[in-house]
Amino acid sequence: MKLLTDTLARARQEGRAALVTYLPAGFPSVDGGIDAILATVDAGADVVEVGLPHSDPVLDGPVIQTADDIALRGGVRIADVLRTVREVHAATGTPVLVMSYWNPVSRYGVERFARELAAAGGAGCVLPDLPVAESAQWRRQAAEHDLATVFVVAPSSTDEHLAETVAAGTGFVYASALMGVTGARESVDEAAAVLTRRLRTLTDLPVCVGMGVANARQAADVAAFADGVIVGSALVATLLDGDRDALTRLTAELAAGVRPGYPASAVPRFSTAR
């Protein structure tokens, strides 16, 4: 978890937001997914979320659902997710989180999952459907294995719910930019900025905003008020189109967007050779 918090702190010291990228493990294949995630790191991602494909992804829109279905049909397993974490972290030194619904973790075994994720070099978990009131078992294991527990909050959350959530979470708070499922939008709703301001009054944890960010202009808009910008569906969509170069270009553009001076910022140089 220290690697995650240090990475977010370093971005703040540089006067910018961190770029957090999301791609599901096993898509378009296990090896292909690892290569794609490495490409986003090479192109400027600061933190990586590896999705654990699930048959009933209630928070995810059609783009990520399609990618998850491809991964599941390809036979992806939790062992493949952990292998993805291990290889990405070993190759890059980047903090790697797993984004998972609670059911797969619970069925695999909470202590077993936490232990194996930590052994793979994972920084923690984003658990969007785990209620804080039912999270004690996971949080005990996460603390024992030095893993972050990242909860998702929405613009509709009450002040009481926000306070309860940030008190239980570690690493950062995932603030949803909108109500609904994941997916690219034409603009980022003002509700994201309002939610971030509300969270600032309750916690010193970094606030990373996701859902709906699809391009560098939107990333710049969010970076103006958030500590991190999370992008998933837009990146997944490029891989659904089979365009690896587009994935690299989009990530580099997003990395420029979270930096001061966009659009004048130079797009970071990157190398996909490994």
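This is a predicted model: local features need pLDDT of at least 70, side-chain atom pairs count only at pLDDT 80 or more; totals for chains, interfaces and linings use all residues.
**Group meeting: cysteines, sheet and buried residues**

Good morning. I begin with the cysteines: the sulfur of Cys208 lies 16 Å from the closest cysteine sulfur, which belongs to Cys125, and that is too far for a bond. A disulfide would require the two sulfur atoms to be within 2.5 Å. The structure as a whole holds zero disulfides. Cys125, accordingly, is in no disulfide.

The mean pLDDT of the chain is 91, and 91% of the residues reach 70 or more. Residues 179–187 have a pLDDT below 50, and beyond near neighbours in sequence this stretch has 28 contacts in the model. Residues 267–274 also stay under 50, with 21 contacts beyond four places in sequence. I ask you to keep both stretches in mind when viewing the structure.

Let me turn to the sheet. In what order do its nine strands stand? The order is β5-β4-β3-β2-β1-β9-β8-β7-β6, in an open sheet with parallel pairing. At the edges stand β5 and β6, the latter covering residues 152–153; each has a single partner strand, so one side of each is left without a neighbour in the sheet. Helix α11, residues 233–240, packs on the sheet, where it touches β1 (18–24) and β9 (228–231). The direction of α11 makes about 45° with that of β1.

In general, strands of a sheet pair through backbone hydrogen bonds, either parallel or antiparallel. Here, β1 and β2 run parallel and are joined by five bridges. Pro24 stands opposite Gly51 in β2. Further along, strand β3 (residues 96–99) and strand β4 (residues 124–126) also run parallel, with three bridges between them. Met99 has Val126 of β4 as its bridge partner.

Is Thr149 buried or exposed? Thr149 has a relative accessible area of 2%, and it is therefore buried, the cut-off being under 20%. The side chain of Thr149 makes a polar contact, at 2.9 Å, with the side chain of Trp138. Leaving aside residues up to four places away in sequence, Thr149 touches Cys125, Trp138, Arg139, Ala142, Gly169 and Thr170. The cysteine in that list, Cys125, is the one with which we began.

The second residue is Ser176, in strand β7, residues 173–176. Ser176 is buried too, with a relative accessible area of 3%. Which residues does Ser176 touch, not counting those up to four places away in sequence? They are Val152, Val153, Ala154, Pro155, Leu195, Gly210 and Met211.

Thank you for your attention.

Methods: Residues are numbered from 1 along each chain as its sequence is written. Side-chain values use heavy atoms; hydrogens and water are left out. Buried means under 20% relative accessible area, exposed over 50%, partly exposed in between (1.4 Å probe, protein chains only). A polar contact is a pair of N or O atoms within 3.5 Å; within protein, one must be able to donate a hydrogen and the other to accept it, and residues adjacent in sequence count only if both atoms are side-chain atoms. Contact means heavy atoms within 4.5 Å. pLDDT is the predictor's confidence in each residue, from 0 to 100. Two strands pair if DSSP finds at least two bridges between them. Helices (H or I, at least four residues) and strands (E, at least two) are DSSP runs, numbered from the N terminus. Axes are lines fitted to C-alpha atoms, for helices over the stretch in contact, and angles run from 0 to 180 degrees between N-to-C directions.
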